[in-house]
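I opened my notebook to go through one model, entry by entry. My notes follow the display.

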Amino acid sequence: MLCLSSKSDPRKNQILANLKDDAFELLKLHSSIIYLDKGTVICEAGDKADHVYFPHDGMVSLLAIMKNGQTVETSTVGRDGVIGAMVGLGHFISSVRAIVQLPMNVSRIPAARFRQATAKSKAIEWASIHYNEVLLSQTRILVACNTFHSIEKRFCRMLLRSADYSQGTSLRLTQEFMAQLLGVRRTSVTQVADRLQRMGFISLSRGLIHISNREALETLTCGCYQSLLKIAGPETLLWPGAVSPMAQASEMAVQRDVRGLGHETEVS
Ligand SMILES: [Zn+2]
């Protein structure tokens, strides 16, 4: 479901919140705020990306799609990120399916308008490149996690990530959908979920997973959960031109480096 929404504040998105006013206004001018329901496919793998999305809340899963239809989650995006921003630098074709896992309000900007804004603002360009690196880092961790760690550890990691994004303990996640995200059989997810329920860590009802003991899930999961926390959060948003003091310090360091190399740079 997609509908217009005007009550959500774009600055809930951490990238937009960290842009200075001039860069923020460049994007706000051409953006509309819409509500996206769970299960909405924002972009299909192989499609031309026609919009850029800045979530205000909720969560999007980026899935790799195999030729036989199998899927696995390669990264997640919430209000800490952006979907499709590399169109600003000329990358138009999506390599993943972007599907809404937790309902959200988003600021949506047509790709052509976003490209124009990127050409005008070094800060927007830096933010796009920086967040793309965050997504790559997530993918590197999840490749290792999916290769080396048990389904149970990965199941717990996924529940904790979803709970963090939703800021709650009750998650509307079907086991079928979790199997698609984890890239495993539905029966494997059922076995893990039943075991965790018997241990009293979660409770299951139709389409709903309630986390009863978060600490226990944190103990059970792998170190990948903490690794993901470190790369996707406010402290990662340190591109030159951002508003935060840490980002401004980073900007000054970059400018010093560039001057040292005998070049000039423009940071808006
Ligand atoms: Zn892991």
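In which loop is the place of Gln-167? I found Gln-167 in the loop between H5 and E9. I noted the naming too: helices (H or I, at least four residues) and strands (E, at least two) are DSSP runs, numbered from the N terminus.

**Ground rules.** I am working with a predicted model, where local features need pLDDT of at least 70, side-chain atom pairs count only at pLDDT 80 or more, and totals for chains, interfaces and linings use all residues. Residues are numbered from 1 along each chain as its sequence is written.

**Gln-167 again.** I looked up its phi. Gln-167 has a phi near 55°, which is positive although the residue is not glycine. Most residues other than glycine have a negative phi. I then checked burial. A residue is buried if 20 or more other C-beta atoms lie within 10 Å of its own, exposed if 12 or fewer, and partly exposed in between, with C-beta atoms placed from the backbone. Gln-167 is exposed, because 8 other C-beta atoms lie within 10 Å.

**Ser-150.** I found Ser-150 in the loop between H4 and helix H5 (151–166). Ser-150 has 13 C-beta neighbours inside 10 Å, so it counts as partly exposed. Its C-alpha atom is 8.8 Å from that of Cys-222, 72 residues apart along the chain.

**H5 and H7.** I compared the axes, which are lines fitted to C-alpha atoms, for helices over the stretch in contact; angles run from 0 to 180 degrees between N-to-C directions. The axes of H5 and helix H7 (residues 186–198) come within 10 Å and cross at roughly 75°. That makes the two helices roughly perpendicular, a label for angles of 65 to 115 degrees. Ile-151, Glu-152 and Phe-155 of H5 make the contact with Ser-188, Val-189 and Val-192 of H7. Contact means C-beta atoms, placed from the backbone, within 7 Å.

**Cores.** I looked for nonpolar cores: sets of buried Ala, Val, Leu, Ile, Met, Phe, Trp, Tyr and Cys residues joined through C-beta atoms within 7 Å. The largest has 42 residues, and Val-82 is one of those with the most contacts inside it. Helix H4 (residues 122–148) gives the most to this core, with 6 residues. Leaving aside neighbours within four places in sequence, Val-82 touches Ile-15, Val-52, Tyr-53, Phe-54 and Tyr-131. A second, separate core has 25 residues, Phe-155 and Met-178 among them.

**H3.** I found Phe-114, Ala-117 and Thr-118 buried in helix H3 (residues 111–120). Seen down the axis, the buried residues fall within an arc of 100°, so they line one face of H3. The arc is that of the directions from the helix axis to the C-beta atoms. The face turned away carries the exposed residues Ala-112 and Ala-119.

**The sheet.** I traced an open sheet of 3 strands, ordered E9-E11-E10 and paired antiparallel. Strands E9 (170–171) and E10 (202–205) stand at the edges, each with a single partner, so one side of each has no neighbour in the sheet. Strands pair if DSSP finds at least two bridges between them. I saw 4 bridges joining E10 to strand E11 (residues 208–211). Ile-202 stands opposite Ile-211, and Ser-203 stands opposite His-210. In this hairpin, with 2 residues between the strands, Gly-207 takes a positive phi near 75°.

How values were computed:
Contact = placed C-beta atoms within 7 Å. Parallel < 35°, antiparallel > 145°, perpendicular 65-115°, else oblique.
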